[in-house]
Amino acid sequence: MLFFCIACWEANFLKMATSLGANIYNRQNWEDADFPILCQTCLGENPYIRMTKEKYGKECKICARPFTVFRWCPGTRMRFKKTEVCQTCSKMKNVCQTCLLDLEYGLPIQVRDTGLSIKDDVPKSDVNKEYYTQNMEREIGNSDGTRPVGLLGKAPSSSDMLLKLARTTPYYKRNRPHICSFWVKGECKRGEECPYRHEKPTDPDDPLADQNIKDRYYGINDPVADKLLKRASTMPRLDTPEDKSISTLYVGGLGDSITDSELRNHFYQFGEIRTTTIVQRQQCAFIQFATRQAAELAAEKSFNKLIIKGRRLNVKWGRSQGARGKEGREREGVTEMGMKLEPVPGLPGALPPPPADEDAPTNYFNLGPNSAPPVMNISLPPPPGVAMPPPGFGPPMFHSMDPMAIPHPIGMRPPGHVHYPSQDPQRMGAHASRHGGS
């Protein structure tokens with residue numbers, strides 16, 4: 001009974017210590033911010049968003065101190081999001097207040113710490129956590145705010161693994177609404193007006209479905225981080241070609257905005273560049289270095305790491321002329337030793353070539369020599385302002401192509417000559433002698 005009274009007294013004391021009216025150290029250090037610390041994905045693609053601000057709305061899920069909570073909708077047909085940790089905890093790890101992903105690479109804290117080879121042990125007990133937070137707040141206040149604090153600020157600036165795994169563009173699908181539980185049970189009656197997703201849920205036994213915000217912050221037992229680390233261990237590597245004469249790198253995925261000068265600005269740091277060729281139709285480029293050593297250094301520092309204007313470029317080794325000639329010979333069915341390869345059985349044969357005889361008949365319709373059909377030849381309309389001649393006075397509309405028929409005098413005009421009714425001597429009763437003397 002005495003133990004129960006002591007527990008009740010401690011609970012009442014803690015409640016009084018964290019109340020709004022208590023003027024103690026913890027109350028004075030509650031967070032009051034004007035804008036959250038967010039990544040581009042959580043902020044959304046809409047440049048005009050409306051946020052609600054609740055002063056001391058909730059306690060931080062890491063340090064358990066009240067902080068200012070922001071709530072907003074990142075876009076159309078997206079779910080509302082809010083800040084989960086205070087800005088002090090966010091600055092200590094350089095992460096977003098909502099998703100707890102690194103602000104520079106967009107990766108989980110466990111992946112980032114593994115890539116930078118650091119181990120930042122944040123205390124988990126209440127007393128040690130409060131003491132550690134106060135010291136970090138003092139260090140944050142003395143810094144300029146442009147670099148992280150603690151062990152993260154002393155770590156190297158980048159890592160090859162982080163550059164390979166880093167996300168270059170926002171992933172807005174992460175802001176989609178949750179799956180409608182009523183639709184899964186077949187009981188949702190909202191239809192298209194339902195703000196939740198009508199999709200099949202993922203496997204509940206999937207490790208990615210079991211995530212803890214504290215484990216994600218401390219960098220332990222994070223299933224998303226484990227998946228990314230496994231992907232990093234199985235990523236392809238760029239093998240150096242055995243031909244020492246190759247000093248050209250292939251750069252793919254340029255797009256329409258990357259120019260020659262931007263490529264030179266990146267690759268000139270590795271050595272002298274002999275030529276730079278951009279194939280705009282294929283959206284690729286070929287960078288030829290003066291030495292093989294410079295090309296090897298550029299390939300090592302740029303493979304799966306080269307990002308220009310937000311685009312991750314594909315860097316590979318170029319091929320020599322001999323290798324391309326070998327591929328052409330193999331495509332024609334001839335080996336490198338000059339031996340003819342046997343055709344693959346079961347493939348259809350080649351089509352027969354067309355007849356090369358110049359005297360071959362061209363009667364494609366199987367018509368007789370004297371069976372030329374009549375061809376309709378419609379005369380051109382008269383010029384504007386000239387009336388059509390009455391029937392029987394003008395030239396015939398149809399000309400027979402029968403060689404035995406008597407041709408009309410007007411129909412026998414030279415090729416290319418255009419007959420106008422205004423030039424007809426018999427038009428409208430005119431006499432031939434009137435035009436003959438002129």
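Which residues are linked with K61 in a network of salt bridges? I found that K61, K82 and E84 are linked in such a network. I counted a salt bridge where a side-chain nitrogen of Lys or Arg is within 4 Å of a carboxyl oxygen of Asp or Glu.

Ground rules. I am reading a predicted model, in which local features need pLDDT of at least 70 and side-chain atom pairs count only at pLDDT 80 or more, while totals for chains, interfaces and linings use all residues. Residues are numbered from 1 along each chain as its sequence is written, and side-chain values use heavy atoms, with hydrogens and water left out.

Entry: salt bridges. I noted twelve salt bridges in the structure. I began with E84 and K61, whose closest N and O atoms are 2.9 Å apart. This pair links distant parts of the chain, 23 residues apart: E84 is in the loop between β3 (81–82) and α4 (87–93), and K61 is in the loop between β1 and β2 (66–72). For these labels I used DSSP runs numbered from the N terminus, with helices (H or I) of at least four residues and strands (E) of at least two. I then looked up accessibility, where buried means under 20% relative accessible area, exposed means over 50%, and partly exposed lies in between (1.4 Å probe, protein chains only). E84 is buried at 15%, whereas K61 is partly exposed at 38%.

I next took D32 and K55, whose side chains meet in a salt bridge (3.3 Å, N to O). D32 lies in the loop between α2 (25–28) and α3 (40–43) and K55 in strand β1 (residues 52–59), so this pair ties together parts that are 23 residues apart in sequence. D32 has 43% relative accessibility and counts as partly exposed.

My last pair was R264 and D260, also a salt bridge (3.3 Å, N to O). These two residues are four apart in helix α12, which means that about one helical turn separates them. R264 is partly exposed at 32%, and D260 is partly exposed at 28%.

Entry: the sheet. I traced an open sheet of four strands in the order β5-β6-β4-β9, with antiparallel pairing. Two strands pair if DSSP finds at least two bridges between them. Neighbouring strands here are turned by 20° against each other on average, direction ignored. Axes are lines fitted to C-alpha atoms, for helices over the stretch in contact, and angles run from 0 to 180 degrees between N-to-C directions.

Inside the sheet, I found β4 (residues 248–252) joined to β6 (residues 284–289) by five bridges, the two strands running antiparallel. G252 stands opposite C284 in β6. Helix α12 (residues 260–267) packs on the sheet and touches β4, β5 and β6, its direction making about 140° with that of β5. Helix α13 (residues 292–302) also packs on the sheet, touching β4, β6 and β9, at about 145° to the direction of β9. Contact means heavy atoms within 4.5 Å.

Entry: cores. I took a nonpolar core as a set of buried Ala, Val, Leu, Ile, Met, Phe, Trp, Tyr and Cys residues joined through side-chain atoms within 4.5 Å. The largest has 21 residues, of which L249, V251, L263, F267, F289 and L313 touch the most other members. The elements giving two or more residues to this core are β4, α12, β6, α13 and β9. Which element gives the most? I found α13, with four residues. Leaving out residues up to four places away in sequence, the contacts of L249 include F267, F289, A295 and W317. Apart from this core lies another, of 20 residues, among them I109, Y132, I140 and Y217.

Entry: I read in the UniProt record (unreviewed entry) a "zinc finger region: C3H1-type" covering residues 174–201. UniProt positions are given in the numbering used here, feature names are shortened, and annotations may be inferred rather than shown by experiment. Over this stretch the chain is 14% helix and 0% strand, and its end C-alpha atoms are 15 Å apart. F182 is found in helix α9 (residues 181–184) and is partly exposed at 45%.
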